[in-house]
Amino acid sequence: MQEYFDFRSDTVTRPTKEMIEAMSKAKVGDDVLGDDPTVIELEELAKKVTGKQGVLFICSGTMGNQISIRVHTNPGEEIIIEEDSHIFKYEVGGAAWNSLVQTRTIEGSYGCMSLEKISDSIRHDDIHDPRTGLICLENTHNNSGGVILPLEYIQEVRKLSQKRNIKMHLDGARIFNASAATGIPVKEYAKYFDSMMFCLSKGLCSPLGSILVGDIDFIDHARRVRKVLGGGWRQAGYLAACGIISIKKMSKRLGDDHAKARVFSKALGEMGEFSIDMKSVQTNMVYFKPLKEPAESFILRMKKKGVLALSHDDKVRFVFHNDVSLSDVKRALGIIKNDSMKRR
Ligand SMILES: *Cc1c(COP(=O)(O)O)cnc(C)c1O
């Protein structure tokens, strides 16, 4: 079998040995009946880390975003989201499907919609207009390169949302990456939002699962919406056992992934065959464009050589995670370099 290096996403990370062991030993109950002790332990831990009163362990990040939209809005309302956000691009139109709301998308710069544009997009009280029901932000912002939204920016959006009495949700799939890079605690980021979702199954290496947080009323309602979406789960403690390790241990090593992304982007930049915005390399992702061919053909050729990546629009995306070591990164760089020398 050919050796391969998988940079497609941090979602490909397999549970660690410690997680497999924790699963085999986990004490479980029935989470729908509310008595799975390991789920309760995970949720208590998530409360501490996020500073929120209400926590719900859920199947996926998409489910967390969709539940949040459903809880915060009423049918016919409008939600304000960045035009390259996961909620808008990659959730199968779920806001319309699950919550009967329409989306008001705004162009962002490094994941940030301008305050002026957000303000102008908030609807006024008029019989013709939908009500603005929610503002969503994404941190780190995936499609902009895994970039971090500055805390001051978040604070400004919060002020605006409070002034206009609109709730805010954070798609914090990779909020632990933002926290690892800036040193700002997850709790501090969470403070400015009425709800926040983060993924255990990406850089944090759990096989699956996400966490949704908010106040107690929000989570009470969220639990019902999770149930109606078919997301009530029984011996979920086996997965929660992994989630506990994700938060306690795996969150502490994300800086290593960021270092790999820096090494990779620097070496790639020096090859002169790729266009890459170094300003966007802030966490565990590197987006770039091959100068002489479409992203798709580069990706296909690399796949044959055992280096796996994904395309996003006209760009190639590499994501760095626990299952590719720094020496794997260096070997992948060698393969890319060889390839570009041959094609000269
Ligand atoms: C991966 C991701 C999600 C969705 O998480 P799933 O667990 O794959 O459903 C949501 N938002 C962002 C920014 C993501 O990268």
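**Figure 1. The two domains of the chain.** The chain is split into domain 1 (5-12 + 253-342) and domain 2 (17-248), with bounds that come from an automatic or database domain assignment. This is a predicted model, in which local features need pLDDT of at least 70 and side-chain atom pairs count only at pLDDT 80 or more, while totals for chains, interfaces and linings use all residues. Residues are numbered from 1 along each chain as its sequence is written, and side-chain values use heavy atoms, with hydrogens and water left out. The C-alpha centres of domain 1 and domain 2 are 28 Å apart.

**Figure 2. The interface between domain 1 and domain 2.** In contact (heavy atoms within 4.5 Å) are 19 residues of domain 1 and 21 residues of domain 2. The size of an interface is often given as the accessible area lost when the parts come together. Here the two domains bury about 1600 Å², 50% of it on carbon and sulfur atoms; buried area is the accessible area (1.4 Å probe) that two parts lose on being put together, summed over both. Asp 10, Leu 254 and Gln 282 supply 30% of the area that domain 1 buries against domain 2, more than any other three residues.

Figure 3. Two salt bridges are counted between domain 1 and domain 2, a salt bridge being a side-chain nitrogen of Lys or Arg within 4 Å of a carboxyl oxygen of Asp or Glu. Asp 10 forms a salt bridge with Arg 174, and their closest N and O atoms are 2.8 Å apart.

**Figure 4. The residues around the ligand.** The ligand is surrounded by 14 residues (a heavy atom within 4 Å), and the closest are Gly 61, Thr 62, Asp 171, Arg 174 and Lys 202. An N or O atom in the side chain of Thr 62 is 2.6 Å from an oxygen atom of the ligand. A polar side-chain atom of Asp 171 is 2.6 Å from a nitrogen atom of the ligand. For Arg 174, an N or O atom in the side chain is 2.8 Å from an oxygen atom of the ligand.

**Figure 5. Two backbone exceptions.** Most residues other than glycine have a negative phi, and most peptide bonds are trans. The peptide bond from Asn 139 to Thr 140 is cis, with omega near 0°. Leu 100 is not a glycine, yet has a positive phi of about 55°.

Technical notes: A polar contact is a pair of N or O atoms within 3.5 Å; within protein, one must be able to donate a hydrogen and the other to accept it, and residues adjacent in sequence count only if both atoms are side-chain atoms.
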